[in-house]
Amino acid sequence: MDRILHLLCSALCLSTDDQADTFQCDEKKPTCTNCLHHSVECDFSAPAVLLSQGSPAASNNPTPPRRFRFKPSKYQPLAESPCDNENELADSTSTGVQCDLSASHHASGGISFADLELFHHFITTTYSTFGDLSNKHRDIWQVHVPRSGINFPPIHHLTLAITALHLAYENPDRHDDYVTKADSHFTFGVRSVTNILSKLDFDNCQMIYLSAVLICFIYFARGPRRGEYLVFSETGQSEWLVLMRGVRYIVISRRVEIFSGILDPGKQGSPKMTPALETELNEQQTHLNAARRFLDQNVPESEKELYLSAMETLMTSFEEMYNIRSIRNDGANLMPAVIGWVYRLEETFVQRLEKKDSFALVILAHWSVMLKYMAPSWFMEGWDVHVISGIRSSLGVEYHQWIEWPVNTICG
């Protein structure tokens with residue numbers, strides 16, 4: 001478990017190493033460089049003499065109520081003021097200032113108007129792109145997650161990061177601006193989570209789990225990257241797969257506590273598949289059975305159980321996906337079936353994938369067909385083509401005939 005925890009921490013830092021040095025507080029006065037960069041209130045800007053609790057001085061000089069404070073936002077310049085008087089200028093507000101509405105120093109230090117734009121977009125639009133819009137699912141993402149971010153800053157920053165990427169997708173003309181905002185919030189969110197992963201307990205496990213889920217969404221939303229094909233990589237361990245192992249570690253450690261309250265899945269019914277989808281599934285099972293026969297005939301007897309087991313669970317996942325498609329739209333709704341197959345893979349089989357074993361990649365190619373049905377979700381766009389392309393380039397030519405169906409289904 002310690003190794004998995006270490007791997008998760010490493011993976012969470014992969015996309016932010018270039019910003020790692022700026023995350024640490026350099027304790028500069030009156031405001032540390034990092035807080036100044038993120039336009040948040042710095043503890044070092046407080047008076048140098050701190051009164052201890054219970055001291056006579058503290059009793060005679062009660063701390064006055066905190067007032068709203070406005071300070072420049074890093075995301076947009078100060079608007080020009082029509083006021084000529086300097087005092088009026090100092091007292092004025094604009095869309096280029098940051099409003100600190102936090103009630104205590106426990107909060108993250110302030111919210112800029114740029115962040116308010118992201119927060120508003122999350123609770124009105126982005127949350128609805130995560131799948132099922134039933135009342136309970138909607139409450140989780142529209143109400144519970146944003147509310148959790150108030151007391152658990154990593155969630156707050158990660159929701160703003162995924163929203164910034166959503167806005168970058170919707171507004172190509174402002175793509176770079178929104179991605180910059182996403183990177184900033186992602187850095188703060190990830191570093192905060194990694195600092196408390198080793199302290200996973202009853203009180204914080206649900207918040208850490210939600211943070212890990214958001215990090216996985218953000219990984220997808222950043223789009224495919226050359227050499228990284230979700231379950232294997234050209235350079236070593238797959239970044240996303242390490243994230244999945246981290247999520248599994250969190251769930252295994254605190255399953256009962258995590259899936260309670262608002263996250264309690266309740267009783268799951270068995271939807272009846274529509275005739276049209278049942279016909280489509282039967283056609284796909286024909287190709288899956290052909291791949292299974294290929295493995296049965298070519299894999300050494302001592303290895304056969306490992307590969308055939310992975311193939312059997314994949315066929316079950318296809319059926320689960322089609323059951324979901326019978327009652328909901330394609331896209332993020334299919335996450336439990338599609339990503340669930342990877343989540344449940346035996347570690348030995350995962351190691352074969354990481355080594356780009358040919359038989360394992362043939363099975364993975366058939367799994368990648370499921371990604372095609374997730375492509376309608378904005379954060380999954382392009383992943384199906386990217387993964388099958390990586391698989392084909394990693395396989396010897398003699399195996400290409402065994403992935404013709406996945407290649408044609410995705411690319412044809």
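Reader: What makes helix 13 roughly perpendicular to helix 15?

Author: Keep in mind that this is a predicted model. In it, the axes of helix 13 and helix 15 (residues 347–354) cross at roughly 90 degrees and come within 10 Å. Angles of 65 to 115 degrees count as roughly perpendicular, so helix 13 is roughly perpendicular to helix 15.

Reader: And how do you know which residues meet there, in helix 13 and helix 15?

Author: Contact takes heavy atoms within 4.5 Å. On the helix 13 side you have Glu303, Leu306, Tyr307 and Ala310, and they meet Thr348, Phe349 and Arg352 in helix 15. Sorted by class, that contact of helix 13 with helix 15 has four nonpolar, one polar and two charged residues.

Reader: What does helix 9 meet helix 10 with?

Author: Helix 9 brings Phe186, Val190, Val193 and Ile196, while helix 10 brings Ile208, Ser211, Ile215 and Ile218. By class, seven residues of the contact of helix 9 with helix 10 are nonpolar, one is polar and none is charged.

Reader: Why do you call helix 16 and helix 18 roughly parallel?

Author: Helix 16 (residues 358–374) and helix 18 (residues 404–411) pack at an angle of about 15 degrees, and their axes are 8 Å apart. Angles under 35 degrees count as roughly parallel, and therefore helix 16 and helix 18 are roughly parallel to each other. The crossing of helix 16 and helix 18 is left-handed. Their contact is made by Ala365, His366, Ser368, Val369 and Lys372 of helix 16 and by Trp405, Pro406, Thr409 and Ile410 of helix 18. In the contact of helix 16 with helix 18, five residues are nonpolar, three polar and one charged.

Reader: Which helix gives the most to the lining of the second largest cavity?

Author: That's helix 11, with four residues. The lining of the second largest cavity divides into five nonpolar, no polar and two charged residues.

Reader: What makes up the lining of the largest pocket?

Author: The largest pocket has a volume of about 1600 Å³, and 41 residues line it. Tyr209, Phe259, Pro265, Met335 and Pro336 are the lining residues nearest the centre of the largest pocket. Helix 7 (135–151), helix 10 (205–221), helix 11, helix 13 (301–327) and helix 14 are the elements giving two or more residues to the lining of the largest pocket. Helix 10 gives the most to that lining, with six residues. By class, the lining of the largest pocket has 25 nonpolar, nine polar and seven charged residues.

Conventions:
Residues numbered from 1 in each chain as written. Predicted model: local features only at pLDDT ≥ 70, side-chain atom pairs only at ≥ 80, totals over all residues. Heavy atoms only, no water. Nonpolar A, V, L, I, M, F, W, Y, C, P; charged D, E, K, R; others polar. Axes fitted to C-alpha atoms, helices over the stretch in contact; angles between N-to-C directions. Parallel < 35°, antiparallel > 145°, perpendicular 65-115°, else oblique. Left-handed = near helix turned anticlockwise from the far one by under 90°. 1 Å grid on protein atoms, 1.4 Å probe; cavity = no way out; pocket = protein on both sides within 12 Å on 5 of 7 lines; lining within 4 Å. Points joined across faces, edges and corners; volume = space filled by probe spheres on them.
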